[in-house]
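Subject: Structure handover

Hello,

Here is the structure I said I would pass on. Please open it first; my notes on it follow.

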Amino acid sequence: MKCLHLIISGRVQGVFFRDNIRRKATELELKGYVRNLEDSTVEVVAQGDENKINELIEFIKKGPGIAKVRDIKIKHKKPENFKSFEIRF
């Protein structure tokens, strides 16, 4: 079990980015959340199988939908007790 914290910058708010991330993470059976931050970045915490998290990161890099990802900062995080993958506000 792996847990990563990502901060994604670029054109990632107002373009259905969070919903696309939630759908892909759910498809990959990952747990965690995605939310917009006040500085126009998006935060993702993804927990689960390492290969599936890597697949989510590759999906994010391509910029789902009309999003344009400029940068992703990735940190390891201590696993938590997530029940699903959700959009947080």
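Which residues does Ile 21 touch, not counting residues up to four places away in sequence? The model is a predicted one. In it, Ile 21 touches Val 34, Val 44, Leu 56, Phe 59, Ile 60, Pro 64 and Phe 85.

Ile 21 also belongs to the largest nonpolar core, which has 21 residues. Together with Ile 8, Phe 17, Val 44 and Leu 56, Ile 21 touches the most other members. At least two residues of this core come from each of β1, α1, β3 and α2. The largest share, 4 residues, is supplied by α2. As background, nonpolar side chains tend to be buried together in soluble globular proteins.

Next, helix α2. This helix covers residues 50-61, and at 1.5 Å a residue its 12 residues should span 16 Å; the C-alpha atoms at its ends are 17 Å apart, which agrees. Its buried residues include Ile 53, Leu 56, Ile 57 and Ile 60. These four cover an arc of only 100° around the axis, so they are on the same side of α2. The buried residues of α2 pack against β1 (2-11), α1 (17-27), β3 (42-48) and β4 (68-76).

Both ends of the helix have something to look at. After α2 comes Gly 63, which has a positive phi near 75°.

Then strand β3. Of its 7 residues, 7 are buried. On one side these are Val 42, Val 44, Ala 46 and Gly 48, and on the other Glu 43, Val 45 and Gln 47. β3 runs antiparallel to β1, and 7 bridges join the two; Lys 2 has Gly 48 as its bridge partner. β3 also pairs with β2 (residues 31-36) in the antiparallel sense, over 6 bridges, and there Asn 36 stands opposite Val 42. The hairpin of β2 and β3 has 5 residues between the strands, and in it Ser 40 has a positive phi near 75°.

Last, is His 5 buried or exposed? This residue of strand β1 has a relative accessible area of 19%, and the cut-off for buried is under 20%, so His 5 counts as buried. Its side chain makes a polar contact of 2.6 Å with the side chain of Glu 43.

Regards

Methods: Residues are numbered from 1 along each chain as its sequence is written. This is a predicted model: local features need pLDDT of at least 70, side-chain atom pairs count only at pLDDT 80 or more; totals for chains, interfaces and linings use all residues. Side-chain values use heavy atoms; hydrogens and water are left out. The expected span of a helix is 1.5 Å times one less than its number of residues. Buried means under 20% relative accessible area, exposed over 50%, partly exposed in between (1.4 Å probe, protein chains only). The arc is that of the directions from the helix axis to the C-beta atoms. Contact means heavy atoms within 4.5 Å. A nonpolar core is a set of buried Ala, Val, Leu, Ile, Met, Phe, Trp, Tyr and Cys residues joined through side-chain atoms within 4.5 Å. A polar contact is a pair of N or O atoms within 3.5 Å; within protein, one must be able to donate a hydrogen and the other to accept it, and residues adjacent in sequence count only if both atoms are side-chain atoms. Two strands pair if DSSP finds at least two bridges between them.
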